[in-house]
Amino acid sequence: MIPRPPALLLLALLAAAVLPAAPAAPAADVPLSASGVDLREEHAARRAALAAALPPGTLAVVPAVRADPSGLVAPRQDEDYAWLTGSLEADGVLLLWTSPGKGKPHGEILLLPPRNPRAEGWVGPRLFPGRAAEEALGVAATEDARKLAEAVKARLPGAKAVVLPRTGPGAGAAETLVGDLLREAKAATDDLRKYTGPLRLAKSAEEVARIRRASELTAEGHRRAMERAAPGMPEYAVQAMVEEPCRAGGCRRQAYDSIVGSGPNSCVLHYSTNRRVLERGDLVLVDAGGEYLGYATDVTRTWPVDAAFTEEQAKAYDAVLAAQAAGEAAAKPGATLAEVSAACAAVLKERGFGGALRHGACHWVGLNVHDPNGAAAIVPGAVFTIEPGAYFEHLGWGIRIEDTYAVRADGTLDCLSAAAPKERRAVEALRAAAAGAA
């Protein structure tokens, strides 16, 4: 790795004056479409939907993630900023405002850091204020991010309220950027997620295409792990098998830290140390999902280190698989995720594993592996998991089976991660082949 520049040079790069130059090509971090749609139109439609959801006379302040000062880490973009603009670059701020009167078009401006050619030698090209950025992202106007306070002040007199992030990294960025200004103006504020959350529930075809691709790559990783894992292998080696197809297929990162829990670690719900060595007799619970163009998936499979499940393990595995099937049957438009989870729990109880499910069996998926919207009802376009599990600490093993589903326009389920084997005989066939190759 090339050593990072000294602190004084970093300050000089950040303070460099804007130089006149021909507009640069769009930066590499402007994502490509996974479904062939014009992303500029899609993001413009999302901004219009947010404006329609906001009360008249509202100013929305949506900051991008802040850049890592060292320049060595690519931070994950703020979800609402990404959903509204499509940009993965740091340090921008979207301002969107509605007219006090109904029926009038909203206003928008995207504030971006000015061009800094010297800094580009360290961090690469970026979009900067000007026509090239406006055309690349489809926003109405851009402005120098150093004029944020001025831009907010100009719009506060006509704003009855200001909406901004109150949770997650965006909340800290908003506080740093405009917190004092809003308090000084005694502006009424509201939570941005209150408005963007419901809008993000039903996914577009583009969003489903991204989650589908993340799911397909993840499914291939799960299959490879079942085919290749062997006794004596550390859990992190299994993790590498699962994650390699994700990276090779276009996932810049995992949607969350991969869980590879063997033996007793399979009972630890968010285990991520991944250092134990696989032993004969173990079950291995692998909970992993790639992130493709900003969108997550969530897939869990459980399989034996040996060529087959024991009789006791097989009984529990079949019960968990039946519970997931019951959840699928219950997951219809109008139902809640709590009702789907209850359907899973009922089957486990019928099979004699009533106390084995220690967590809810569903959550929404999208830009975040745990997308917002909590108690909302299922609608066409929604994406969520069904993940029943049964855990037996006294036996040293646990089982969870999880898939990510999208709801089609007709209300039926589309299992996006179906390519990851889960029928017990299919799993055992892969493990038997792995044992024969060892």
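Close-up 1. The side chains of Glu-244 and Arg-224 meet at 2.6 Å, N to O, in a salt bridge (a side-chain nitrogen of Lys or Arg within 4 Å of a carboxyl oxygen of Asp or Glu). This pair links distant parts of the chain, with Glu-244 in helix α10 (residues 235-249) and Arg-224 in helix α9, 20 residues apart; helices are DSSP runs of H or I of at least four residues, and strands are runs of E of at least two, numbered from the N terminus. The model is predicted, so that local features need pLDDT of at least 70 and side-chain atom pairs count only at pLDDT 80 or more, whereas totals for chains, interfaces and linings use all residues. Residues are numbered from 1 along each chain as its sequence is written, and side-chain values use heavy atoms, with hydrogens and water left out.

**Close-up 2. Salt bridge between Lys-203 and Asp-371.** The closest N and O atoms of Lys-203 and Asp-371 are 3.3 Å apart. Lys-203 lies in the loop between α8 and α9 and Asp-371 in the loop between α12 (337-350) and β13 (383-386), so the pair ties together parts that are 168 residues apart in sequence. Both Lys-203 and Asp-371 are buried (under 20% relative accessible area, with exposed over 50% and partly exposed in between, for a 1.4 Å probe and protein chains only).

**Close-up 3. Salt bridge between Arg-193 and Asp-80.** The side chains of Arg-193 and Asp-80 meet at 3.1 Å, N to O. Arg-193 is partly exposed at 24% relative accessibility, whereas Asp-80 is buried at 3%.
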